[in-house]
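Work through these exercises with the sequence and the structure side by side. Try each task before reading its solution.

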Amino acid sequence: PPSPPDAMPPLSARLSAASARSLGHTRLRRGLAGAARMSPRADLGGQYEGDIQRPVADHLLKVFTFQAVKTVLSELQEMDLSPMKADYKWLHNFASEIPPSDSDRFLKVLLEERRDFGERILARRLQLFMRWFKEFDGMKVHDEITDSNLHLLRGALESTVSFDEIENFDEEEEETADEDGLEKTSNSSSGSHES
């Protein structure tokens, strides 16, 4: 049947191969504009490699800020001598209003409102990082990632395999082997009679 006059032919029919490739790259670039910066690597067959250092550093900064706030809150809870632990309650309420996971905003506002708490958290964050950095073992992390990958892949494989089918297959294989053994025995005994 003829297509309606306002129906467009498929994109591949309207574009040459070169312009289609160009359009594909343009769409890809637009699609990645908001994502982490990635660049094609010809030596890897078109795979993409992103700048992972910045996102990891940002995440670590958030983690250490959060841990520093938890540590300072614990210290205040134990040692706060103010009436009804007012300092502890103030910092706890502040952390509830502005989450420490938004570390830059959290610390900027905290330094404006309670400089003593802000400086204490900055110092604790740096101490926590230095302790972590001294203990960090890249090969251990590598091993943990590898073990996790293997565990997940094994689980995925096990979920796709029916062990009942394997047992049935093994039983059929044994029966076939028994039958083959009988045929070989009968063939060898008939061959010995012919000589």
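**Exercise 1: A residue in its surroundings**

Leu 128 touches Phe 64, Gln 67, Ala 68 and Thr 71, leaving aside residues up to four places away in sequence. Contact here means heavy atoms within 4.5 Å. This is a predicted model: local features need pLDDT of at least 70, side-chain atom pairs count only at pLDDT 80 or more, and totals for chains, interfaces and linings use all residues. Residues are numbered from 1 along each chain as its sequence is written, and side-chain values use heavy atoms, with hydrogens and water left out.

Task: Find the helix that holds Leu 128, and decide whether Leu 128 is buried or exposed.

Solution. 
- Step 1. Leu 128 lies in helix H6, residues 115–135. Helices (H or I, at least four residues) are DSSP runs, numbered from the N terminus.
- Step 2. Its relative accessible area is 14%, so Leu 128 is buried. Buried means under 20% relative accessible area, exposed over 50%, partly exposed in between (1.4 Å probe, protein chains only).
- Step 3. Leu 128 and Thr 71 are 57 residues apart in sequence and 9.6 Å apart in space, C-alpha to C-alpha.

**Exercise 2: Salt bridges**

Task: Say how many salt bridges there are, and describe the pairs that involve Arg 114.

Solution. 
- Step 1. Apply the rule: a side-chain nitrogen of Lys or Arg within 4 Å of a carboxyl oxygen of Asp or Glu. The count comes to six salt bridges.
- Step 2. Asp 87 and Arg 114 form one, at 3.4 Å, N to O. Asp 87 sits in helix H4 (residues 86–97) and Arg 114 in the loop between H5 and H6, so the pair, 27 residues apart, links distant parts of the chain.
- Step 3. Asp 116 also bridges to Arg 114, at 3.3 Å, N to O. Asp 116 is partly exposed, at 42% relative accessible area.
- Step 4. Now try Glu 75, in helix H3. Glu 75 counts as buried, at 16% relative accessibility. A network of salt bridges links Glu 75, Arg 120 and Arg 124.

**Exercise 3: Confidence**

Task: Locate where confidence is lowest and highest in the chain.

Solution. 
- Step 1. pLDDT is the predictor's confidence in each residue, from 0 to 100. The chain averages 76, and 61% of the residues score at least 70.
- Step 2. Confidence is lowest in helix H1 (residues 11–14), at a mean of 43, and highest in H6, at 96.
- Step 3. Over residues 3–36 the pLDDT is below 50. Where pLDDT is low, the predicted coordinates should not be read in detail.

Conventions:
Helices (H or I, at least four residues) and strands (E, at least two) are DSSP runs, numbered from the N terminus.
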